[in-house]
Amino acid sequence: MQKIEAIIKPFKLDDVKEALNEIGISGMTLSEVKGYGRQKGHREIYRGAEYNVDFIPKIKLELVVDSAQADLIVETIMKAASTGKIGDGKIFVMPVEEVIRVRTGEKGTEAI
């Protein structure tokens, strides 16, 4: 099993969710996060005062999937989340040793 964490632009969430649904992925965890990388921050004006916004709002998706599906899911997220501009995000893939469904006690891929 693999855990896929994808950091994407907020306005691409619906596109990514729809693309994942099309390949049969319906479960994921979503978090609103803030961060910066090469995109850095930007300057904004609020009530006449100018200030720096260092952390940019992003969405973090987390999915635990069967290892056989991981490459397809990563490719699907990349295609759906890409704008071709800086700040499109990152995808992290990590091994998962065990998954247990709390309600039933199911383990492994049956618990996903």
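Two strands count as paired if DSSP finds at least two bridges between them. Keep that in mind for the sheet, which is where I will start. One caution before that: this is a predicted model.

The sheet is open and has 4 strands, in the order S2-S5-S1-S6, and the pairing is antiparallel. Which strands sit at the edges? They are strand S2, residues 29–35, and strand S6, residues 89–95, and each of them pairs on one side only. From one strand to the next, the twist averages 20°.

Now one pair in detail. Strand S1 covers residues 2–8 and strand S5 covers residues 56–65. How many bridges join S1 to S5? There are 7, and the two strands run antiparallel. If you want a place to look along this pair, find Glu-5, which stands opposite Glu-62 in S5.

Next, the helices. Helix H1, residues 13–22, lies across S1, S2 and S5. The direction of H1 is at about 15° to S5. Helix H2, residues 67–81, also packs on the sheet, where it touches S1, S5 and S6. The direction of H2 makes about 5° with that of S1.

The largest pocket has a volume of about 320 Å³. Its lining is made of 15 residues, and those nearest the centre are Tyr-36, Gly-37, Arg-38, Gly-89 and Lys-90. Which elements give two or more residues to this lining? S2 provides the largest share, 3 residues. By class, the lining of the largest pocket holds 4 nonpolar, 5 polar and 6 charged residues.

The second largest pocket contains about 210 Å³ of space. Which element gives the most to its lining? It is S5, with 4 residues. Among the lining residues of this pocket are Glu-62, Leu-63, Val-64 and Val-65. Sorted by class, the second largest pocket is lined by 6 nonpolar, 4 polar and 2 charged residues.

To go back over it: an open sheet of 4 strands, helix H1 lying across S1, S2 and S5, helix H2 touching S1, S5 and S6, and pockets of about 320 Å³ and about 210 Å³.

How values were computed
Residues numbered from 1 in each chain as written. Predicted model: local features only at pLDDT ≥ 70, side-chain atom pairs only at ≥ 80, totals over all residues. Heavy atoms only, no water. Axes fitted to C-alpha atoms, helices over the stretch in contact; angles between N-to-C directions. Contact = heavy atoms within 4.5 Å. 1 Å grid on protein atoms, 1.4 Å probe; cavity = no way out; pocket = protein on both sides within 12 Å on 5 of 7 lines; lining within 4 Å. Points joined across faces, edges and corners; volume = space filled by probe spheres on them. Nonpolar A, V, L, I, M, F, W, Y, C, P; charged D, E, K, R; others polar.
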